[in-house]
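Hi there,

Here is the structure I promised to pass on to you. Have a look at it first, and then read on for what turned up in it.

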Amino acid sequence: MRKITLFSQIMLILCFTGFSLAVFGQSPWTDDFESYSSGTWPSTWVADANASDLSSNYIDNSTASQGSQSLRMHGALGASWGALAYHPLSLTAPLEVEIAVKNGNETLTGAHPDRAYIGLRKGTSWSNPARMFVLFKGDGTIVSGGGNVTLGTYSTLTWYTVKIRYEKPSSSQVKISYWINGVFKGDEILTTIAEEDQLNNLDLTAQEGTVWFDNVNVSSYTNSISEQHLTLVDIYPNPVLDNLFIKSQNIQDLNISIYNTLGQNVYTSKIQSENNSINLSGLKKGIYFINIMDENGDVLLSKKILKE
């Protein structure tokens, strides 16, 4: 007879009694901007700063990532007066955000260093604390909110799909993972801000120039370290002096990140075989944290290691 785990029993009970994640307030939501009238501001979003100028911020039926409409936003050129749009989250970490973004091709003055950014904000005012996720810089690069992950470059007037996974592994740290057009780019661990638990709005911003946003998807995320995954990857020895051996079962293209106790990424590597090793002789003695993920960014192993 097949053994049913406690987790499976709980899930079966929830299914048969009609419960869902929505009961606990974790309701996913999407917005493809198709339900609003062209030329108007989307009623479920709050406009802030220059977004209140409806002559340049509105539902645009001339371009879309999918469908026929998107949200057009415009930060004033030559002035530090961006356009911000907020939507209540109704979700708490861990969560995933996926958004299509297209940047305009105006010549920027440098009043703002960015064309666009995606993040979270406390309340609905630009002066409130925020957590930046992804920034489209004026120099054509895409950077992570903490600046530790290289996300690549972008072309203007081109749609890009950005995916962010936002987690809180501890009360003092957040972990943010990044994908651009479906390609996993890496992750970073950052120190929480005092208002981290009060970041209750998704923030879409055009800092300077025109930006279009489309196909917003926000959903809860279940950590993928499952009973199955726990047996797929192993590391040894621990404590480690020089070479840390990584053994995986039928998994290739593993992404490895190691962080120090300050949350700084001190080692990044990619391996493509079932048995491999990484040389950590360059690290100082102390405690580190290793994350091993597959090519989809799903966590296979997250563990503390001691470097001798």
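Two strands count as paired if DSSP finds at least two bridges between them. In this predicted model, β16 and β17 are joined by four bridges and run antiparallel, so they clear that cut-off of at least two. Together β16 and β17 make a hairpin, with six residues between them.

Leu244, Ile246 and Ser248 point to one face and are buried.

Next, the interior. In soluble globular proteins, nonpolar side chains tend to be buried together. The largest nonpolar core here has 44 residues, and Trp45 and Leu202 touch the most other members. A second, separate core holds 19 residues, among them Val240, Ile271, Leu300 and Leu301. Back at Trp45, its contacts beyond four places in sequence include Trp29, Phe33, Tyr86, Leu202 and Val216. Asp31 and His87 are also among the contacts of Trp45.

Finally, is Ser62 buried or exposed? Its relative accessible area is 61%, and exposed means over 50%, so Ser62 is exposed. You will find Ser62 in the loop between β3 (58–60) and β4 (70–75). The side chains of Ser62 and Asp60 are joined by a polar contact of 2.6 Å. Ser38 is 24 residues from Ser62 in sequence, and their C-alpha atoms are 9.5 Å apart in space.

Happy exploring!

How values were computed. Residues numbered from 1 in each chain as written. Predicted model: local features only at pLDDT ≥ 70, side-chain atom pairs only at ≥ 80, totals over all residues. Heavy atoms only, no water. Helix = DSSP H or I, 4+ residues; strand = E, 2+ residues; numbered from the N terminus. Buried < 20%, exposed > 50% of the residue type's maximum accessible area, 1.4 Å probe, protein only. Polar contact = N/O pair within 3.5 Å; in protein donor to acceptor, adjacent residues only side chain to side chain. Core = buried A, V, L, I, M, F, W, Y, C linked by side-chain atoms within 4.5 Å. Contact = heavy atoms within 4.5 Å.
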